[in-house]
Structure formats: C-alpha cells, structure tokens
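Try each task by yourself before you read its solution.

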Amino acid sequence: MTNTTDPKLSRRDFLKVSLAGLGGLALAANQMDPARASSGEELPLEDHWALLYDATMCIGCRECETACKSYNKLPEEDVDDLGGNTFTLIKLYQSEDGAQKSFRKYQCMHCVDPACAASCPVSALHKLENGPVVYDSYKCIGCRYCMQACAFGVPRYDWSLAYPFIRKCEMCHHREAGPACAGICPKQALIFGKRSDLLEIAKVRISVNPGKYFEDRVYGEFEGGGTSVLILSSVPFEAIGLPSLDAKPLPDRTQWALNIVPLIFFGVGGAMSAVYQRTKNKENKSEETKP
Amino acid sequence: MTSITLPIVKQKVSLSTVILMGLAALGAFVALFRWVDGFSLVSNLSDSRPWGIWISFDLLVGVPISAGAFILAATVHIFHMDKYRPILRPALLTGFLGYLMVILALLVDLGQPQRIWHMMVYWNIHSPLFEVGMCVMTYTAVLFLEFSPPVLEKLGWTTLLQYLRKISIPIVILGVTLSTMHQSSLGSLFLIVPFKMHPLWYTSLLPLIFLVSAIAVGFGMVIFECAMSHQVFGGNVRRDIFEGLAKGMLISLSLLLLIKLGDLIVAGDLRRLFEGSFQSAMYLLENVVGIILPISILLIPKLRKDIAWIFRAALLTVIGLVIARLNIGLVSMAGVPYVPHILELAVTVGLFSAGILAFGYAMKNLPLEEA
C-alpha cells in the first residue's frame, strides 16, 4: 500500500503530505544541533532525536537496511527477523484475503523510558541525554534480561559466539547527520528530526488525510510511556506486529517493589533484632525462675 | 519410634554414588563445552527464548529450595526455639550448597560469566536483577559464615570459631533480611513483562507470592532432609520437630493459597482457571499438587501427627513449587515454543547430582550434630 497505488489518496492530498514531510525535514534539519546533543546536557523530551516511519509511504525498497548494514559494518545475511547482524528490517504484512498490505520497519523503538535500560543489572544499556538507547558492551555480563524485558523484542544475541554480546540499533548516535537509514529513504517514509517536530508532522498528515491512518493516531506517542520511533499506519498496529501497550512505562511496574527494598531491609532487620531481644529475655527469665 | 515407610537406600549408596558422579561429570563436560564453543550446540535458547531451563529451574527453583537455611537460622537463633537446634546445621549445609549450585548454573548461563563481578561495580538500582544478584552473592557469603563452625570444629581452629560466635547473631539477622529481599525480588523480575506473561500468573503481587512460596518450600525441604537423614544417615529426629515444621508449612501454604486466590478474584481472572488451555491446566496443576493437596493432608489431625504423611505433604509442596516456577519461567511466557535441549538438562541434572554428592560427603565427614 503505497501512495501511488492508494486510490483513496488524491493527487492534491499526496502533495500536501509530501510538502508536510519535506517541510518537517527542513525544519528538523535546521533545529537539530548535533553539537548540543553531544554536550552532555539533558535535553527535554521534545528535543530528543526521533524517527517517523509512515508505513503508507514505504515502498519496501529496503535501502534503509543496506544503509544500516554499511554504516554499522554488518555482514549481509539472508534473514527474516532482526538478529545479531541485522539492526533494522522491512517486512511486508498481508491480510489473509490479500486486501490489506503494509510494510513495517523493525528496529529499536528508543523508548522514552526503556525497559531494557531499567532491567540491565550492570547499566550496560542506557538512554543518552538526546534520546538514543545505547549499549556499553564492556559492562555487559550477558544475562539477557533486556531481551526478556523489551516489549518489541529488539535486543538480539549473537548466539554463534561462545561469549556473545547484545546487538541492537543505536540510532547511529555517533553520526552527525542522524540515522543512516533515514538519510537514505527515497520516499520520506522515514524521516529524522526532533520528537516534537515529527509528532507535529505526523498529526498534520493525519489531519489532512481523515480516515487514512489507523485510529487517526501515532504509534509511540504514548505507548509504553512513549517511544522515539513514531509509526503511522493505515492497517491496525497489531496487524504489523506492534504490541498494544498502555501509557504506563514498563519500568514503573517494577518500581513499587524496588521502592520498598530499604523498608524491607530495615523493617525485617529491625523486627528480627526486636524478636531476638524479646525471646532472649524470656528465655533468661524462664531459666532464672527455674529452681 | 516412627512409622516411616521410606525405601531404605543405605545399602545402595555406592551404586547411587557412582550414578550421581557420572551425571555430575556429564554436566561438567557440557558446561565446559558451553564455555569453549557457546550455546548453539548445547541449548535451545534463542532470541525469543533468552531464558531457558537454567534460569527457570536452577535459579527460580534453586533459590527457594535453599530457603530452609534462613528459616531455621531465624527459628533457632532469633526466635530461640531450641528444639530445632539439632537440624539447623544440615539445613544450613543444604542452603549453602544450594546457593553454590545456583551460582555455578549462572556461570553456565551468563554470556560473559567471567564478568559476574561487574554487578558489584556497575550498579543499577532500578533493576530487580541487580537486587537479586547482590543479595545472592552477599547471602552466599553469609551462609558460608553460618555454616563454617562445623568445618572449623573439625579443623580445630578454636580462636576463629570464637570470633565467629561473637558476630553470629548480626549475621543471622542479615541472612534473614537478605533472604526476604531476594526471595521476593526473584518474583519482581517478571513484573516488567506484562505483555508476555499469561494473566493467570501475571500480578503485581508476584514478589509476595515468591516470598511466601519460598517459606513454605523451605519448611518442606527441611522436613524432606530430616526424613532422608533419618533413613540414610541413621539420624534420630524427634517427632515434635516434624510436627512443628509441618505446622509452619501448613500456615505458609494457607497464606499462599489466600494470596493467590484473593488476587485472582480481585483481578477477575478466576474464570481463566477453566479456559481449557494448556496454561490453565498447568496453573491448576501447580496449585492442586503444591498447595491444595498438602494443605488437605495437614488439615487432617491424624495425618498431621504421622511422619510418613508429613513427609508426603512436604514432597508435594516441593514438587508443586518446581511446577510453579517452571510455569513462571517457561509456560506462562509467550514466544516460540521452547523445550530444553537434552544437554541443557544435563547441566541442570549434573549440578543437582553434584549438590547431593557434596551433601552426602559433608553429612558423613563433618560434625553436623551440634555439641
């Protein structure tokens, strides 16, 4: 389902969407300041690096996959899923009757509050101040809790190695022009920019094309506490493999249990000490009263 | 003095020892193979099943079945219930060996086992696994100290023994605290995967369920060990000790039943018990075997005083916990079907065998009956 084959999309609408996309791209390019992003300052969420993937504009050329492989120096391999050497992948989804088709780009969603980073016991995964969720392999102990915790199944393992590392998209955070995949997309199905700008572009696309996009909303604005990869689709999000998550960040579900840890430590410790004293005194007394 | 009808295995010890040694050697060989060649040939682990039997059994079962150590240490040293003193040392031994086996299993499972110490350097206080790791490491050290008196007695190092006695109470209290923390946070590990876990198992109360079931199975394991040592090592465990442990098990199992049932009712998931899926059948199984049957046995006054029935109730509790933890780790999780590779199982079985061998050796060679 691309723009050119969608009968519902008029030429005029197409121009509007394209202009919105181009405008957004120019806007984003102007306001994106790599120097500031790497300065160590905490950026507000709206300024985070982000990607907008519009599945309706994707033609499935897979240039993004090639660009990713080339920038990250990954070997070519014939796979149908993310993996140790595949950080992004375009898949085609088709409904059983073939009436509904959509592409979907798989990659790290760069969550606003990432479950992988919260779960990592050695802080090997963490979110940079400008948004990308990155991995310090030198810290990793290989527990694979991040793989368990990620709702999108993104962190992968290089199972062929005896001492494997986690492998995932890091949003080309060292690349000044932003992610290589977005830079190469010929249809602006994938654009790079500030999160707030991209949200605005996405909402413009929705408003000028009423009924075109699924539920008239952007996936990733709120899901799982929000993601930095935003997705527009004409088919239901679940149909292209996006999990339905509420707006509560996943790490929040663990937080209550972690918050009471000091309470348990001092509570149990204190209670045990008290019981010790009490029963000890009783024991002494009962021994004393014995003849 | 009792009516235990367990098979007498004393005569067969040498044969079973040979079998256990063979299994332990096979496990060690597979572990070695994993460290040299990796996971792909010896395991069915994959990107969509990053945690297999080594986590679901060796960690999730290994830790609670070693809970007898902290329960008895608290009972004897903190609650001053002196009648349990004769069985304290075997329980501490089981606990210490259990945690050693857990750590060995983790060294096989971790992708970078040589960096297990990283947890002490690169903290992440937002990770329940960090809490589990720190507690397991510290508590293993605590168990080492708690268990060392019989070894020091054997070696005749009385000065060190006296120093250890002076700090024994703070150490026991630390052990109980650390156990409460990590037995529950093993359950917290799964709070972050609501999207993957079947709703019969997923609840915010997972940490509490893990803690209470660990206490129940801790009592169960101590009963099990007492009965076994009674048979195998010719120990002479008093009847009132069995009855007291059975009471502890009954109370903790009843509490567990209330929590689990109450949670299902509040969440409105009661109807899922009968949804007829594989998962619902497994959920029913873990609760019937591990909670309802042992409670029913122990509620009958006549059986509650019969050591053979107390033993059966304990055995059911332990089996039920094994099913429950395997359910959490494997059955409740969405993803591609996973059945452990036969060589993955070989590691688990080998470690278990090594633990039993070490237990037998220590029972025979260390003064475990406290003077």
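**Exercise 1.** In this predicted model, find how helix H4 (residues 88-109) of chain B and helix H14 (residues 342-365) of chain B are directed relative to each other, and what kinds of residues join them.

*Solution.* Start with the geometry: the two helices pack at an angle of about 150 degrees, and their axes are 10 Å apart. Angles over 145 degrees count as roughly antiparallel, so H4(B) is roughly antiparallel to H14(B). Next, look at the handedness: H4(B) passes H14(B) in a right-handed crossing. Now pick out the residues. H4(B) contributes Pro90(B), Leu93(B) and Leu97(B), among others, while the residues from H14(B) include Val347(B), Leu351(B) and Phe359(B). Sorted by class, this contact has 13 nonpolar, three polar and no charged residues.

**Exercise 2.** Describe how helix H10 (residues 239-267) of chain B packs with helix H13 (residues 307-331) of chain B, then follow Met249(B) to its contacts.

*Solution.* The angle here is about 35 degrees, with the axes 10 Å apart, and the crossing is left-handed. On the H10(B) side you will find Arg239(B), Phe242(B), Ala246(B), Met249(B) and Leu253(B). They meet Ile307(B), Ile310(B), Ala313(B), Ala314(B) and Thr317(B) in H13(B). Eight of the residues in this contact are nonpolar, one is polar and one is charged.

Now zoom in on Met249(B). Leaving aside neighbours within four places in sequence, its contacts include Phe219(B), Ile223(B), Leu298(B) and Ala313(B). Met249(B) also belongs to the largest nonpolar core, which has 186 residues. Together with Leu72(B), Ala73(B) and Ile223(B), Met249(B) touches the most other members. Helix H9 (residues 206-232) of chain B supplies the largest share of this core, 15 residues.

**Exercise 3.** Is Gln162(B) buried or exposed?

*Solution.* First locate Gln162(B): it sits in helix H7 (residues 158-166) of chain B. Then count: Gln162(B) has 10 C-beta neighbours inside 10 Å. A residue is exposed if the count is 12 or fewer, so Gln162(B) counts as exposed. For a sense of distance, Gln162(B) and Met134(B) are 28 residues apart in sequence and 28 Å apart in space, C-alpha to C-alpha.

**Exercise 4.** Which element gives the most to the side of chain B that touches chain A?

*Solution.* Begin with the totals: 45 residues of chain B are in contact with 48 residues of chain A. Among the elements that give two or more residues on the chain B side are helix H1 (13-37), helix H6 (128-155) and helix H8 (168-188). H8(B) gives the most, with eight residues. By class, this side of chain B has 26 nonpolar, 15 polar and four charged residues.

Key. Residues numbered from 1 in each chain as written. Chains lettered and ligands numbered in written order. Predicted model: local features only at pLDDT ≥ 70, side-chain atom pairs only at ≥ 80, totals over all residues. Contact = placed C-beta atoms within 7 Å. Helix = DSSP H or I, 4+ residues; strand = E, 2+ residues; numbered from the N terminus. Nonpolar A, V, L, I, M, F, W, Y, C, P; charged D, E, K, R; others polar. Axes fitted to C-alpha atoms, helices over the stretch in contact; angles between N-to-C directions. Parallel < 35°, antiparallel > 145°, perpendicular 65-115°, else oblique. Left-handed = near helix turned anticlockwise from the far one by under 90°. Core = buried A, V, L, I, M, F, W, Y, C linked by C-beta atoms within 7 Å. Buried ≥ 20, exposed ≤ 12 C-beta atoms within 10 Å, placed from the backbone.
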